[in-house]
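Hi,

Here is the structure I promised to pass on.

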Amino acid sequence: MTTTLYELLADGDRLISPYCWRTRFALPHKGLDATLIPIKFTEKEKIAFSGQDKVPVITDGEKVVFDSWTIACHLEDAYPDRPTLFGGDVGRALARFINSWGDKVQNPMMGSLIIFDVFQGLCPEDKAYFQKTREQRFGKALAEVQKGREERVAGFRSALEPVRSLVAEQPFISGKKPAYADYIVMGGFMWARNTSSLKLLEPNDPVFAWRDRMLDAFDGMAAGSNGLTV
Ligand SMILES: N[C@@H](CCC(=O)N[C@@H](CS)C(=O)NCC(=O)O)C(=O)O
């Protein structure tokens with residue numbers, strides 16, 4: 001069966017969407033070797049077949065699936081004999097809580113620190129669309145959103161405390177090995193890494209060491225994705 005992932009790239013080959021990154025990790029976890037199809041914000045016609053306009057989108061054989069959480073559930077259910085992303089129904093429900101935290105807390109906080117950097121790294125044809133839609137979302141100019149971030153980054157680090165205390169005690173959020181909950185949180189960090197030089201974490205932070213372990217996962221897949229910071 002052929003699997004295809006439509007994912008969002010900035011200028012060059014930098015995969016920038018936190019949600020696409022979740023799927024990027026989930027696929028090799030399930031041992032699936034997907035064909036990767038890059039799209040830009042202004043190339044939505046490439047995913048029109050999915051009936052909506054957001055990535056990630058996968059095709060898996062005849063099936064079309066969109067939304068990173070729905071994709072993770074599809075992969076778990078379609079490939080039950082492969083390594084599990086959730087570790088059972090209770091693990092799936094708990095990973096869904098992390099998904100919600102990533103969507104509602106982690107990524108919005110990160111966005112307020114890096115959104116102007118994201119804009120600056122986009123290809124020229126995507127810039128006007130991104131600026132218009134994101135300024136509508138934030139209600140102000142993107143450079144303004146990012147203002148004062150050197151002071152505000154401390155608040156982001158505090159919000160990571162539940163992750164920090166966990167990965168200080170065990171190598172991954174999911175335990176001894178990484179799984180979908182790790183991919184959710186790492187998706188946000190990959191968004192930042194591939195768009196911004198802002199130092200989000202201090203090197204002595206246990207989350208920093210966890211992020212390094214995630215960069216090394218799957219033969220350094222994320223580390224080799226043209227990031228700007230270490
Ligand atoms: N809940 C969705 C969110 C997907 C999403 O917002 N994707 C963004 C990229 S990060 C997108 O495709 N945006 C297109 C646009 O803004 O036009 C998921 O988890 O997949």
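Helices (H or I, at least four residues) and strands (E, at least two) are DSSP runs, numbered from the N terminus.

Please keep in mind that this is a predicted model: local features need pLDDT of at least 70 and side-chain atom pairs count only at pLDDT 80 or more, while totals for chains, interfaces and linings use all residues. Residues are numbered from 1 along each chain as its sequence is written.

Now the layout. The domain assignment (automatic or from a database) gives domain 1 (3-78) and domain 2 (89-220). Their centres, taken over C-alpha atoms, are 19 Å apart. Across the boundary, 19 residues of domain 1 are in contact with 22 residues of domain 2; contact here means C-beta atoms, placed from the backbone, within 7 Å. On the domain 1 side, helix 1 (18-29) and helix 2 (68-78) are the elements that give two or more residues, and helix 1 gives the most, with eight. That side divides into twelve nonpolar, three polar and four charged residues. For these classes, Ala, Val, Leu, Ile, Met, Phe, Trp, Tyr, Cys and Pro count as nonpolar, Asp, Glu, Lys and Arg as charged, and the others, Gly among them, as polar.

With helix 2 the geometry is as follows: the axes of helix 1 and helix 2 come within 9 Å and cross at roughly 15 degrees, which makes helix 1 roughly parallel to helix 2. Tyr19, Arg22, Thr23 and Ala26 in helix 1 meet Ser68, Ile71, Ala72 and Leu75 in helix 2. That contact has five nonpolar, two polar and one charged residues.

The axes of helix 3 (residues 89-120) and helix 8 come within 9 Å and cross at roughly 10 degrees, so helix 3 is roughly parallel to helix 8. The class count for this contact is ten nonpolar, six polar and no charged residues.

Then the ligand. 13 residues surround the ligand, the closest being Ser17, Tyr19, Lys54, Val55 and Ser68; the cut-off is a C-beta atom, placed from the backbone, within 6 Å. Helix 1 and helix 2 each supply at least two residues of this shell, which has seven nonpolar, three polar and three charged residues by class.

Two backbone details to finish. Valine 55 and proline 56 are joined by a cis peptide bond with omega about 10 degrees, and proline 56 is in the loop between strand 2 (35-39) and strand 3 (57-60). Phenylalanine 218, not a glycine, has a positive phi of about 50 degrees and lies in helix 9 (residues 206-220). Most residues other than glycine have a negative phi, and most peptide bonds are trans.

Cheers

Conventions
Contact = placed C-beta atoms within 7 Å. Axes fitted to C-alpha atoms, helices over the stretch in contact; angles between N-to-C directions. Parallel < 35°, antiparallel > 145°, perpendicular 65-115°, else oblique.
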